[in-house]
Structures are given as structure tokens and as C-alpha cells.
Amino acid sequence: MSDYPNVSAKVAAAVSTGATLIDSLVDTTPILRYDATDTPVQLFHANPTDPTTGATWTGNVLVTQQRINASGNSCVVVDHGTGHTVDLDLGGAWWPTVQTFLWPKLRLAALR
């Protein structure tokens with residue numbers, strides 16, 4: 001419930017910088033569950049392998065995307081290169097990608 005009438009407290013969109021639902025290093029059982037009422041996700045991840053976590057594009061990222069999309073929700077994956085971190089600074093290299101994903105979900109088009 002929101003303190004503000006007519007304003008939902010539900011998270012409208014999420015930007016993830018590497019977390020996946022699948023940990024192929026352990027097994028293929030989902031770590032988390034996702035369904036159609038959950039928040040849409042934009043998932044940034046290293047391709048082909050995250051050098052710190054060992055998570056892979058095909059074994060973790062694409063499987064996570066498939067499971068979220070199959071739930072009736074949406075997951076957009078973004079290949080940010082081969083490093084472990086991604087710079088999401090306002091006005092930075094990845095800002096146009098983040099903005100394109102977030103603006104319609106947050107209904108911020110009027111602010112452009």
C-alpha cells in the first residue's frame with residue numbers, strides 16, 4: 001500500500017548488473033522464482049563469462065532471460081563486454097540503454 005493515493009508502491013522496473021536466476025556452477029535449479037506479476041528486468045552481464053563469478057552468457061544469462069520471459073514477464077539482456085562491472089552513470093556510455101528501458105516503464109516520457 002502506498003502513502004500516496006493513486007501512486008503504486010510496486011517497483012515498476014529493475015536494472016540488474018549481473019545477478020542471474022541460474023547458478024550453473026552448482027546446478028540448474030532456479031535460485032529465485034519469477035512470475036508474470038514481478039518486475040520487468042534489464043540484465044547487464046559480461047559475455048561470454050563474468051571473470052569474477054564465472055557466470056556464463058549461455059549457461060546463466062540466456063537461461064535466466066528465457067525463464068523470466070516464459071513466466072509472462074520480460075527480461076532484456078545487454079552484453080556489456082568482458083569485464084565484471086558496468087558503469088551506469090547518468091550520461092555515461094550505458095545511460096541511453098538504461099533510459100530506453102526505464103522511461104516507458106516508469107512513465108517518464110513527459111520529462112524528456
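Strands S2 (residues 41-45) and S3 pair in the parallel sense over five bridges, where pairing takes at least two DSSP bridges between two strands. This is a predicted model, so to speak a computed picture: local features need pLDDT of at least 70, side-chain atom pairs count only at pLDDT 80 or more, and totals for chains, interfaces and linings use all residues. Residues are numbered from 1 along each chain as its sequence is written, and side-chain values use heavy atoms, with hydrogens and water left out.

**The sheet**
- Three strands make an open, parallel sheet in the order S1-S2-S3.
- S1 and S3 (75-79) are the edge strands, each pairing on one side only.
- From one strand to the next, the twist averages 15°.
- Phenylalanine 44 sits opposite valine 78 in S3.
- Strands here are DSSP runs of E with at least two residues, helices are runs of H or I with at least four, and both are numbered from the N terminus.

**The helices**
- Helix H1 (residues 57-70) lies across S2 and S3 and runs at about 155° to S3.
- Helix H2 (residues 95-106) packs on the sheet and touches S1, S2 and S3, its direction making about 160° with that of S2.
- Those angles run from 0 to 180 degrees between N-to-C directions, with axes fitted to C-alpha atoms, for helices over the stretch in contact.

**Serine 16**
- Serine 16 is part of strand S1 (residues 14-16).
- Serine 16 counts as buried because its relative accessibility is 15%, and buried means under 20% (1.4 Å probe, protein chains only).
- Leaving out residues up to four places away in sequence, serine 16 touches Val41, Gln42, Leu43 and Phe44, contact being heavy atoms within 4.5 Å.

Definitions and conventions. Buried means under 20% relative accessible area, exposed over 50%, partly exposed in between (1.4 Å probe, protein chains only).
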